[in-house]
Amino acid sequence: MGDLFQQYQSRFPESQRLYERAKRVAVDGIQAPGKADGPYPIYTARAQGSHLWDVDGNEYIDYILGLGPMLLGHNHPYVTQKLQEQLSTYVLNSTPTPLEVQLAERLVGIIPCAEVARFTTSGTEANMLAVRLARSFTGRDVILRVRNDYVGWADSLMPGIFVPAHQPGAGRPWGLGGIPQSGWGLTRWFDFNDTDGFVKLVDEVGRDRVAGVIMEPAYRGSLAPMPGFLETIRTVTQEIGATLIFDEVVTGFRLGLQGGQGYFGVTPDLASFGKGVSAGIPLGILTGRREIMGRMATSVPCEERVYQSGTWCGMPLVSTAALAVLDVLEQPGTYPALHRMGQRMRAEVQETIYRHEVPMTVIGLGPVLEIAFTDEPVVSPSQDLLKVKPEQIKEMWASLVLDGMLTVSKGYIPAIRCFISLAHTDEDITKFVASLDRAIERVFGQ
């Protein structure tokens, strides 16, 4: 590891200088933990299509894509043109605009569960609102969630997240500072793909106490549900009168226009979406059944009404971006191209892993790929997924970076994660596979 990270520090001197400056004015020198990796983060100078350039002049193929949302790649020409036109008109609205009406109409026409839509400024806010609506609608308090499935950082969404096996403090509760202990018990968790465990938890909590279940329809957007898992959760929530909430911030518009609910054929009561439909510009969307969303209406007595607001909600610049992204996504051939690239990349990465005989395996759906560090089939994130030394994961990531490949190595399972955009090419994938081949040889010596 020493040799790799010595190279890292010599390759990125300007990023290191910026990081030293940032530590004086920001906690840990960063504004979001998910954006930091390595000894210090790499600072971006510009990005275009599938490529990114850092402040030291190094060029990369970007498989981070803003942690996923740049589904069209960076600076898509059509979206950029529409944003420039909107910038010359108005950016922040003093009153509602036609754009927010148009966007809500498009979303209601596309998303299976959507009878109405409400805009926020982040996926976390959309999920906060979903939980509050579920509690108001049912008159119950307990929320069930998938263990270690990140659905936002609100008080009701953090219990059930633990430090992953490849990080210091593995297994300890993560991020509960400032959350009143009295509220911890109102969030309970079950394992993804553990159908029996979910049913048992519902009975343990009490069928008349569960307000809702919040989860991604595919774990991290890359681990598929086992047959019957989502269907059982849908059936049970309907039977007990609880609200089923799908967090589609990752799966939404990535697996298909209808998101995970369309892809897997299971329709929730509420679903949240994020900046993946707005070219990375801050956006959160909550869609769902009118009778549940109606708990926000002014016709509801004020002491019972669910309140949500924000100056940026329905921001015209964001609505313009989202409408433009939808225009592109709705073009024939868009999703077949994304899925073809994802399938090709997963197949060639898995072939490379087999050839080296290292404890790694590939999971993923659509244009999402994860390289898990185990040689066993991945069915659940709760199984033992760390069959290598944690240092070797860091070395793999560093080797890829030094070879011009930006990937995500932080997460709730030990894995290296890649997102693919419409801007990526077959050549980009060929280069990644070759880079991975070199990284395995370098780290594992085989």
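This is a predicted model: local features need pLDDT of at least 70, side-chain atom pairs count only at pLDDT 80 or more; totals for chains, interfaces and linings use all residues.
Leaving out residues up to four places away in sequence, Met215 is in contact (heavy atoms within 4.5 Å) with Val146, Asp149, Phe192, Phe229, Leu230, Ile233, Leu244, Ile245, Phe246 and Asp247.

Before moving on, a word on the ground rules. Residues are numbered from 1 along each chain as its sequence is written, and side-chain values use heavy atoms, with hydrogens and water left out. Local features need pLDDT of at least 70 and side-chain atom pairs count only at pLDDT 80 or more, while totals for chains, interfaces and linings use all residues.

Next stop: the core. Buried means under 20% relative accessible area, exposed over 50%, and partly exposed in between (1.4 Å probe, protein chains only).

Now for the rings. Phe, Tyr and Trp rings (the six-membered one for Trp) pair if their centres lie within 6.5 Å; planes under 30 degrees apart are stacked, over 60 edge-to-face, and the rest tilted. The count is 12 aromatic pairs. Pick Tyr8 and Tyr40: with ring centres 5.3 Å apart and planes at 70°, the pair is edge-to-face. Tyr8 sits in helix 1 (residues 2-11) and Tyr40 in the loop between helix 2 (13-25) and strand 1 (44-48), so the pair ties together parts 32 residues apart in sequence. Both Tyr8 and Tyr40 are buried.

Then go to Phe192, one of the contacts of Met215. Phe192 and Tyr219 make a tilted pair, 5.9 Å centre to centre with 45° between the planes. Phe192 is buried at 0% relative accessibility, and Tyr219 is buried at 1%.

To see an aromatic cluster, select Tyr8, Phe12, Tyr19, Tyr40 and Trp397 together.

Last stop: the second largest pocket. Select Glu100, Arg118, Phe119, Cys313 and Gly314, which lie nearest its centre among 17 lining residues. That lining divides into 7 nonpolar, 6 polar and 4 charged residues; Ala, Val, Leu, Ile, Met, Phe, Trp, Tyr, Cys and Pro count as nonpolar, Asp, Glu, Lys and Arg as charged, and the others, Gly among them, as polar. On a 1 Å grid over the protein atoms alone, a pocket is an open set of points where a 1.4 Å probe fits, with protein on both sides within 12 Å along at least five of seven lines, and lining residues have an atom within 4 Å of a point.

How values were computed:
Helices (H or I, at least four residues) and strands (E, at least two) are DSSP runs, numbered from the N terminus.
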